[in-house]
Amino acid sequence: MQGTIDGFSYGAVTPVAAFLMACLGAALGLRCTTRSLRTERSFKAGWLALGATSIGSGIWTMHFIAMMGFSVEEAPIGYDKPVTFASLAVAIVMVGVGIFLVGYRGATPMALVTGGTITGLGVATMHYLGMAGMRLDGQFEYDTITVTLSVVIAVVASTAALWAAVSIHGFLPSLGAAVVMGVAVSGMHYTGMAALRVHLHPATLTGTTGDAPTALLVPMLIGPACFLLLAGVVVMFDPLVVMGTPDWNDAAAGRALGIAAQRQVPRFGTHADPASFHSQRRDPVQHHEH
């Protein structure tokens, strides 16, 4: 017996909310990755780890917000918590591998292709592992061609996002890249869901009721959602992330052209992280004739 699938039980509410969470995670992750390129090596790993966790948490949260609108008319749905949280760990680890690769190797073609492939496969693995954590009186079957298309979308989107993270430094362009990644991740999710078919066991009772997906998923989403909120606070209070390239880079460019360097006076920042300084030029000391 084939189950009747409804992926939009709450109308446009769950797709829109899921898309916004994907954009939030991508925006935070891309800005943290960009920030890692402008800091000392001792702080680079921290920013890259924060970026990977933000993207992984955003994608995972997006998936399960979208799944709140998923239902099978003839059978109640449950979730296996260990498998569900394992999908979160897989997303963070595999996204982290891609981000660290690009963060330390730069925007070389090999690093982008390798990192984008690993990150994209991590996104796809998170999706299908999360689906494997669902419990109902039946079994899932997938259309191979549609599943392959969803994986290709994830890999292409991830590669483009990593390129944007290391190549686009303005705030608005980075925000645009995050929106593009949010669209791609949402597209990957719903492409994967279009490949799904549910075959119910003969003993399944038509119209069986159980806990609503919202009641099951909301408690699991609280932790990652709070993390994204805290990551957002960290990003907002880092001037370099918000404002982009500081003006002391202009002085470095001037030195490259043979212009005499001028002494810099920090306006704000921390001595532990010189890259967080914004600086202003101090006029060179003028020698007065006696």
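**Aromatic pairs and a helix contact**

In this predicted model, the count of aromatic pairs comes to 6. Take Trp60 and Phe64 to begin with: their ring centres lie 4.9 Å apart and their planes meet at 55°, so the pair is tilted. The two residues sit 4 apart in helix H2 (residues 41-67), which means about one helical turn separates them. Trp60 is buried, at 0% relative accessible area, and Phe64 is buried too, at 1%. Another pair, Phe100 with Tyr104, is stacked, with 6.1 Å from centre to centre and 20° between the planes. Here again the spacing is 4 residues, about one helical turn, this time in helix H3 (residues 81-105). Phe100 is partly exposed at 29%, and Tyr104 is partly exposed at 36%. Back at Trp60 and Phe64, ring pairs link these two with Tyr79 and Phe85 into a cluster.

Now let's move on to helices H5 and H6. The axes of H5 (residues 144-167) and H6 (residues 171-194) come within 8 Å and cross at roughly 170°. Angles over 145 degrees count as roughly antiparallel, so that is how H5 runs relative to H6. On the H5 side, the contact includes Leu149, Ser150 and Ile153, while H6 contributes residues including Met181, Met188 and Thr191. The contact residues divide into 11 nonpolar, 4 polar and no charged.

Leaving aside residues up to four places away in sequence, Ser150 touches Tyr128, Met188, Thr191 and Gly192.

Methods. Residues are numbered from 1 along each chain as its sequence is written. This is a predicted model: local features need pLDDT of at least 70, side-chain atom pairs count only at pLDDT 80 or more; totals for chains, interfaces and linings use all residues. Side-chain values use heavy atoms; hydrogens and water are left out. Axes are lines fitted to C-alpha atoms, for helices over the stretch in contact, and angles run from 0 to 180 degrees between N-to-C directions. Angles under 35 degrees count as roughly parallel, over 145 as roughly antiparallel, 65 to 115 as roughly perpendicular and the rest as oblique. Contact means heavy atoms within 4.5 Å. Ala, Val, Leu, Ile, Met, Phe, Trp, Tyr, Cys and Pro count as nonpolar, Asp, Glu, Lys and Arg as charged, and the others, Gly among them, as polar. Rings of Phe, Tyr and Trp (its six-membered ring) pair if their centres lie within 6.5 Å; planes under 30 degrees apart count as stacked, over 60 as edge-to-face and the rest as tilted. Buried means under 20% relative accessible area, exposed over 50%, partly exposed in between (1.4 Å probe, protein chains only).
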